[in-house]
Amino acid sequence: ASWNHIMFGSNSDWYFKYLGGLQMADDSRGWQQLVLKPEVYNVKRQVSVCSNLSSAEASIMTPRGELSGAWKCLGLGQMCSDVPEDQTLTLTCPGSAVIDAITFASFGTPTGSCGVGFVVNKTCNAANTSAVVEKLCIGKSTCSIDVSRKTFKQDPCFGVRKVLAVEATCKVPQGAPVFQYKVTVPVGSIADVVVPTFGMTSVTVAESGVPVWENGAYKPGPTGITGAVAANADIRVTIGSGTYVFTVGGTRTVPIDQPM
């Protein structure tokens with residue numbers, strides 16, 4: 001019991017305040033005024049956390065009720081799958097993202113795993129694997145591949161049980177949402193939700209699909225939202241109690257999934 005005093009200190013404090021984005025405003029008491037701002041984008045370096053961490057969520061039980069936040073990067077980063085011969089391998093990007101590149105593909109007996117990475121086994125590998133997978137998958141939100149000799153028109157090692165291993169990246173099209181932040185604000189509290197623009201131009205912030213920030217200005221509409229302003233490289237949206245789902249999209253000049 002003597003260790004309980006550090007519950008919201010040190011690493012735990014950082015997880016809740018900066019990764020989850022759950023903070024009480026400096027001039028507030030009793031969780032009446034909140035600031036919900038996950039630190040996911042470094043303005044100075046123009047890089048985001050999305051290539052290393054695709055989502056996070058946190059919640060705190062305040063005297064007014066539960067406060068929670070859950071964010072995710074939409075369709076950015078790596079996908080991986082490996083499927084045995086005579087089965088079907090399926091790749092699917094989330095949201096509006098499409099398959100942008102095939103970074104590894106081998107029909108044969110590659111070594112490794114999705115968690116570690118794959119290496120081609122040169123003694124058993126169909127040389128046309130990447131070309132076949134790219135033709136079937138690039139530019140699509142989802143694709144399915146029949147893992148068979150018929151698909152690749154060759155047998156790289158006769159009599160050996162083979163697999164198809166594929167690593168791919170997803171990208172969202174210009175203007176589509178790249179980031180989602182779902183928050184729940186307890187009864188009687190007011191919150192400023194601060195979402196990053198990721199260095200984009202022509203930024204649109206929407207709540208449940210309805211724009212609240214567009215063409216550089218606040219757009220009244222969704223219930224519970226009382227205003228929105230540009231704040232440096234962020235958009236700050238003021239809300240009352242309830243549950244909201246915000247998305248951020250725009251025109252990208254720098255990929256938002258570069259490593260931090």
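1. Helix H1 gives the most to the lining of the largest pocket, with four residues. Here a helix is a DSSP run (H or I) of at least four residues, a strand one (E) of at least two, numbered from the N terminus. A pocket is an open set of points on a 1 Å grid where a 1.4 Å probe fits, with protein on both sides within 12 Å along at least five of seven lines; lining residues have an atom within 4 Å of a point.

2. Please keep in mind that this is a predicted model, with local features needing pLDDT of at least 70 and side-chain atom pairs pLDDT 80 or more, while totals for chains, interfaces and linings use all residues. Residues are numbered from 1 along each chain, and side-chain values use heavy atoms, without hydrogens or water.

3. The largest pocket holds about 180 Å³ of space. Eleven residues line this pocket, and those closest to its centre are Asp 13, Lys 17, Leu 22, Gln 23 and Trp 31. Two or more lining residues come from each of helix H1 (10-19) and strand S1 (22-24).

4. Have a look at Trp 14, which also lies in helix H1. Its relative accessible area is 44%, so Trp 14 is partly exposed (between the limits for buried, under 20%, and exposed, over 50%, with a 1.4 Å probe).

5. For contrast, turn to Tyr 181 in strand S14 (residues 177-185). This tyrosine counts as buried because its relative accessibility is 0%. Tyr 181 is 20 residues from Thr 201 in sequence, and their C-alpha atoms are 19 Å apart in space.

Methods:
Grid points are joined across faces, edges and corners, and a volume is the space filled by probe spheres set on the points.
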